[in-house]
Amino acid sequence: MDMSAQPALHVIRKVADAYKTRAANLKAGNYGPKDSRRRERVEATPISFRPTAAQPYDDRCLSWQYGQRTVSIWTTSGRLRNVRYTGSVDHLKTVELYRQGESDLVFRDGMWFLYATCEIPAPDITDPGGWIGVDLGLTNLATTNTGYRAAARGLRRHREQQRALRAKLQAKGTKAAKRVLKRRRRKEARRATDVNHCISKRIVVEAQRTGHGIGLESLTGIRERVRLRKPQRAALHSWGFAQLGGFIKYKARRMGVVVVFVDAAYTSQTCRRCGYVDRKNRPTQDRFCCRSCGFVEHADVNASHNIAARAAKEWERGAESTASTLS
């Protein structure tokens with residue numbers, strides 16, 4: 001096949017990256033221990049790519065015509081011109097103003113998507129006048145010390161319905177059932193992503209409006225640390241703790257809001273009024289009652305106040321905002 005220099009370089013780079021990724025997975029033991037059948041099978045299988053596999057394009061292989069909302073893209077059959085694209089008003093404006101570097105052509109759910117990298121200049125971060133503490137959990141996805149509470153009941157019910165439907169269709173096993181399963185895949189993930197977007201936007205907009213910073217609890221390793229009853233384990237492992245934190249970080253960075261992560265240890269057992277720590281301070285899931293001073297409050301609200309106080313102390317000690325850079 002005749003191929004110009006730039007596409008040929010992309011092909012070489014893509015193949016090299018694929019072998020590098022597999023070598024890293026083998027080294028990390030993700031394909032099983034040495035001498036295992038699975039590992040030997042993976043090592044002996046040459047890497048191949050689907051015809052619809054994602055493909056990166058730089059500005060030499062793909063050009064954008066923003067006014068006409070079209071792209072000119074290189075293919076193995078020649079360059080295709082005047083290929084129309086669309087998106088939300090905000091996304092189209094962002095791509096036109098801030099697109100930089102490579103774009104990825106991705107085939108998903110029967111449609112083609114262009115993933116464009118945008119580098120958005122972030123506003124200067126100012127010293128916060130106060131702090132919004134965010135307590136994350138399974139009963140309430142997010143609770144703040146300013147009165148906002150995002151209940152998990154609706155999302156949990158949706159997940160239970162989806163799980164029951166998947167089990168029913170998988171047990172049926174017919175071609176029609178498999179078609180329905182394929183059509184509905186990722187529906188639950190899209191719903192959860194939308195919920196996390198709404199929660200993070202609500203929190204960041206409030207922080208920007210009030211001139212506050214955001215304190216988040218560091219939940220690294222929570223799946224390994226927490227011990228739950230069997231019915232709760234599926235909820236713990238399916239909810240996107242890291243995704244919500246990531247959404248809050250990048251939205252905060254875009255709006256110039258400070259984000260500080262703090263140690264979450266004992267925030268739900270510590271009285272925000274007197275500082276007394278005791279497991280028995282939390283007699284039920286949603287009730288906090290200090291055994292020292294008698295202070296009573298919703299458990300998640302109490303924890304959010306403790307997180308806000310810890311964030312303020314960390315900021316005073318010189319902690320930097322962990323809001324991610326925009327790209």
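**View 1. Valine 11 sits in helix H1, residues 5–28.** Helices here are DSSP runs of H or I with at least four residues, strands are E runs of at least two, and both are numbered from the N terminus. This is a predicted model, in which local features need pLDDT of at least 70, side-chain atom pairs count only at pLDDT 80 or more, and totals for chains, interfaces and linings use all residues. Residues are numbered from 1 along each chain as its sequence is written, and side-chain values use heavy atoms, leaving out hydrogens and water. With a relative accessible area of 38%, valine 11 is partly exposed (buried is under 20%, exposed over 50%, partly exposed in between; 1.4 Å probe, protein chains only).

**View 2. The largest nonpolar core has 24 residues.** Such a core joins buried Ala, Val, Leu, Ile, Met, Phe, Trp, Tyr and Cys residues through side-chain atoms within 4.5 Å. Val134, Leu141, Ile199, Ile203, Ile214 and Ile248 have the most contacts inside it. At least two residues each come from strands E7 (131–136), E8 (140–144) and E10 (213–218) and from helices H6 (187–210) and H9 (241–255). H6 gives the most, with 6 residues.

**View 3. Here are the partners of isoleucine 248.** Neighbours within four places in sequence aside, isoleucine 248 is in contact (heavy atoms within 4.5 Å) with Ser200, Ile203, Val204, Ile214, Leu216 and Val259. A second, separate core of 12 residues includes Leu62, Val71, Ile73 and Tyr85.

**View 4. Lysine 175 belongs to helix H5, residues 175–184.** Lysine 175 counts as exposed, at 69% relative accessibility. Between the C-alpha atoms of lysine 175 and tyrosine 276 there are 60 Å in space, and the two are 101 residues apart in sequence.
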